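Below is a short note for someone meeting this structure for the first time. The points go from the whole chain down to single residues.

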Amino acid sequence: EIAQLLSRSTSSPMDLISALEDCLVPALWKVGEMWRADQIDVYQEHLCTNTAITAIDILRQHLSIDTTDGVVAVGGSLTPNIESLPSKLVALSLELAGVRAIDLGGFLPPESLAKAAADYEARLIWVTHTHVIDVDTLLENHQTLKSQLPPGVRIIVGGGGISPAVRRSLPWCKFYETLSQMVRAEALAT
């Protein structure tokens, strides 16, 4: 039902991205806040998250997106972050902008993401951070990723879990606040 509602309420790729930002993303943040405040149980948070993942997968299957001539991008969330939903949102948004997005999910070692970038000849890497547990590990993972990427590969970062101080510690990464901001900038860059 969520996938049908989102697809019916949009007439263009940017409309769909706006619908994701305006409806789905705030609802998921609210679920996370409720879980952190012990207002809902873990199983309820998991049901909401899995429902959103299913809706995104259904949307991707039913959209006719041509990414054959587009830039290749790979991404996910680095260890120890196990979340895959934010990465799915980024992948779908990049695909709507004509980028061939290969979503590798959560709990991804930076060395593996760098290897995927090389294997797929990706020109763009995305990393999502909705929850930061250990800033030192995050910075170390990004340094490892950067050091193992071929020259010219761009890294984009998103997610509400990164503080301004951490962003400043990653000057080689481009940070985006929203999916639509990312799509507009990356569509121009590619």
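How many of the 190 residues of the protein count as buried?

1. Burial and surface. The model discussed here is a predicted one. Of its 190 residues, 43% count as buried. The accessible surface of the protein is about 10000 Å², and carbon and sulfur atoms account for 54% of that area.

2. Overall make-up. Eight helices and five strands are found in the protein. Their order along the sequence is α-α-α-β-α-β-α-β-α-β-α-β-α. The radius of gyration is 16 Å, close to the 16 Å given by the globule rule for 190 residues, so the protein is as compact as a globular protein of that length. The C-alpha trace spans about 45 × 40 × 25 Å along the principal axes.

3. Contacts across the sequence. Taking contacts in the protein with a separation of 6 or more, 75% are between residues 24 or more positions apart.

4. The sheet. The five strands make up an open sheet, with parallel pairing and the order β2-β1-β3-β4-β5. At its edges are β2 (100-103) and β5 (173-176), each of which pairs on one side only. On average, neighbouring strands of the sheet are turned by 25° against each other, with direction ignored. As a general point, strands of a sheet pair through backbone hydrogen bonds, in a parallel or an antiparallel way.

5. On one side, β1 and β2 are joined by four bridges in the parallel sense, and A73 stands opposite A101 in β2. On the other, strand β4 (residues 154-158) runs parallel to β5, and four bridges join them. In that pair, G158 has Y176 of β5 opposite. Helix α4 (residues 85-96) packs on the sheet, where it touches β1 (72-76), β2 and β3 (124-128). The direction of helix α4 makes about 145° with that of β3.

6. Strand β1. Is this strand enclosed by the rest of the structure or open? Five of the five residues of β1 are buried, so the strand is largely enclosed by the rest of the structure. The burial holds for both faces: V72, V74 and G76 are buried on one side, and A73 and G75 are buried on the other.

7. S180 belongs to helix α8 (residues 179-189). Is S180 buried or exposed? S180 has a relative accessible area of 7%, under the 20% cut-off for burial, so S180 counts as buried. Apart from neighbours within four places in sequence, the residues in contact with S180 are M14, I17 and E21.

8. Cysteines. How many disulfides does a search of the whole structure find? The search finds zero. C23 is in no disulfide, and the nearest cysteine sulfur, that of C48, is 15 Å away; a disulfide would need the two sulfur atoms within 2.5 Å. With a relative accessible area of 49%, C23 is partly exposed, because a residue counts as exposed over 50% and as buried under 20%. C173 has a relative accessible area of 16% and is buried.

Key. Residues are numbered from 1 along each chain as its sequence is written. This is a predicted model: local features need pLDDT of at least 70, side-chain atom pairs count only at pLDDT 80 or more; totals for chains, interfaces and linings use all residues. Side-chain values use heavy atoms; hydrogens and water are left out. Two strands pair if DSSP finds at least two bridges between them. Helices (H or I, at least four residues) and strands (E, at least two) are DSSP runs, numbered from the N terminus. Axes are lines fitted to C-alpha atoms, for helices over the stretch in contact, and angles run from 0 to 180 degrees between N-to-C directions. Contact means heavy atoms within 4.5 Å. The radius of gyration is taken over C-alpha atoms; the globule rule is 2.2 Å times the number of residues to the power 0.38. Buried means under 20% relative accessible area, exposed over 50%, partly exposed in between (1.4 Å probe, protein chains only). Accessible areas come from the Shrake-Rupley method with a 1.4 Å probe; for residues, only the protein chains shown count as cover.
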